[in-house]
Amino acid sequence: MAFGNGEALQKINDRLGRVLEDLAAVKQQLTDQQHAIDQIRFDTTAAINTGLTENRAVIRDGLTRANETISDPLTQIGSELVAIRGGIGQLDNQIRTAAAAAPVQPVQEPESAPVEDQAPPAPEPDPAPEPEPDPPQLTDGDLKTLRAAAGISAATLHAHRDTWEFLVKHAGPDRHFHVPGEVQDAVGTVLAKISGPSLVAVLTSLGAVKDDPAADPGTRAIAHHLHERIGGIVNEIAAAPHSGGDVEPVKIVIDDRLKPEGGEQAGDEE
């Protein structure tokens, strides 16, 4: 019986060994399958993220191009409309001035019955035309500033959109003023590249407005401030002119702010 029991135990032990080997093989298969699943999940996630990133880039690029395609023409059209309004305002002022200077026509009396041997009335003399206002006299300093402005190839004006419209309205009718081909819109402000002749037109137009007694005080104040600011920057360039590409281009910033406590106030020209 002892020997019989030993053989049975050996058989059971062998079966348990095979079962353990089968379990180890199944466990290895499960491990391999889990690794394959994890790899598939990783590859899928990476592919999705890459696709989303590429889609975001394409969408962002498309939106940027659409914004540039729409905003730039709209800005240009806005500048041209401002120039047209400036020309219409100038023409309206000329019409009003001409109407005010026109002689008043006398009221015609009703014609009476003809009387024989009545001498014809003597013709009334034409009223003397009112003399046109003299053009503003420019000082030597004004002429020097205008010559310096004419020598500037291009200057970048950084100002609020309302300030830019004020400049175009009053300088637009001047024959030397040219609306820039590109006016960038930057969150309520504009960056406009204007030429030297346009600077001359801006200075002469603002000088005429600030010295015009018929203009309202607000218009004269704005024109005076802009004339002094732009003229001051041009005079700084006239004091030390330089030609060449090794210096920063002219930049005119119209943006006065409160001086910070304990600090120095930043200049307007960069």
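The structure is a predicted model, in which local features require pLDDT of at least 70 and side-chain atom pairs count only at pLDDT 80 or more, while totals for chains, interfaces and linings use all residues. Residues are numbered from 1 along each chain as its sequence is written, and side-chain values use heavy atoms, with hydrogens and water left out.

The protein chain contains five helices and four strands. Helices (H or I, at least four residues) and strands (E, at least two) are DSSP runs, numbered from the N terminus. In sequence order, these elements give the pattern α-α-β-α-β-β-α-α-β. Of the 270 residues in the protein chain, 19% are buried; buried means under 20% relative accessible area, exposed over 50%, and partly exposed in between, with a 1.4 Å probe and protein chains only. Among contacts (heavy atoms within 4.5 Å) with a separation of 6 or more, 71% join residues 24 or more positions apart.

The four strands form an open sheet with the order β2-β3-β1-β4 and mixed pairing. The edge strands β2 and β4 (250-253) each pair on one side only, and the twist averages 20° from one strand to the next. Strands of a sheet pair through backbone hydrogen bonds, either parallel or antiparallel. Here, two strands are taken to pair if DSSP finds at least two bridges between them.

Strand β3 (residues 189-195) pairs with β1 (residues 154-160) in the antiparallel sense over seven bridges. In this pairing, Ala154 stands opposite Ser195 and Ala159 opposite Val190. Strand β2 (residues 183-186) also runs antiparallel to β3, to which four bridges join it; Asp185 has Val190 as its bridge partner in β3. Two residues lie between the strands in the hairpin of β2 and β3, where Val187 takes a positive phi near 55°. Helix α3 (residues 161-171) lies across β1, β2 and β3, at about 125° to β1.

Two packed helices are described by the angle between their axes and the distance between the axes. Axes are lines fitted to C-alpha atoms, for helices over the stretch in contact, and angles run from 0 to 180 degrees between N-to-C directions. Helix α4 (residues 196-210) packs against helix α5 (residues 217-239) at an angle of about 140°, with the axes 8 Å apart. That makes α4 oblique to α5, since angles under 35 degrees count as roughly parallel, over 145 as roughly antiparallel, 65 to 115 as roughly perpendicular and the rest as oblique.

On the α4 side, the residues in contact include Leu199, Val202, Leu203 and Leu206; on the α5 side, they include Ala223, His224, His227 and Ile230. The residues of this contact divide into eight nonpolar, five polar and two charged. Ala, Val, Leu, Ile, Met, Phe, Trp, Tyr, Cys and Pro count as nonpolar, Asp, Glu, Lys and Arg as charged, and the others, Gly among them, as polar. His224 and Leu206, 18 residues apart along the chain, have C-alpha atoms separated by 6.9 Å. His224 is partly exposed, with a relative accessible area of 38%.

Thr145 belongs to helix α2 (residues 140-150). At 10% relative accessibility, Thr145 counts as buried. Leaving aside residues up to four places away in sequence, Thr145 touches Leu203, Gly231, Val234 and Asn235.
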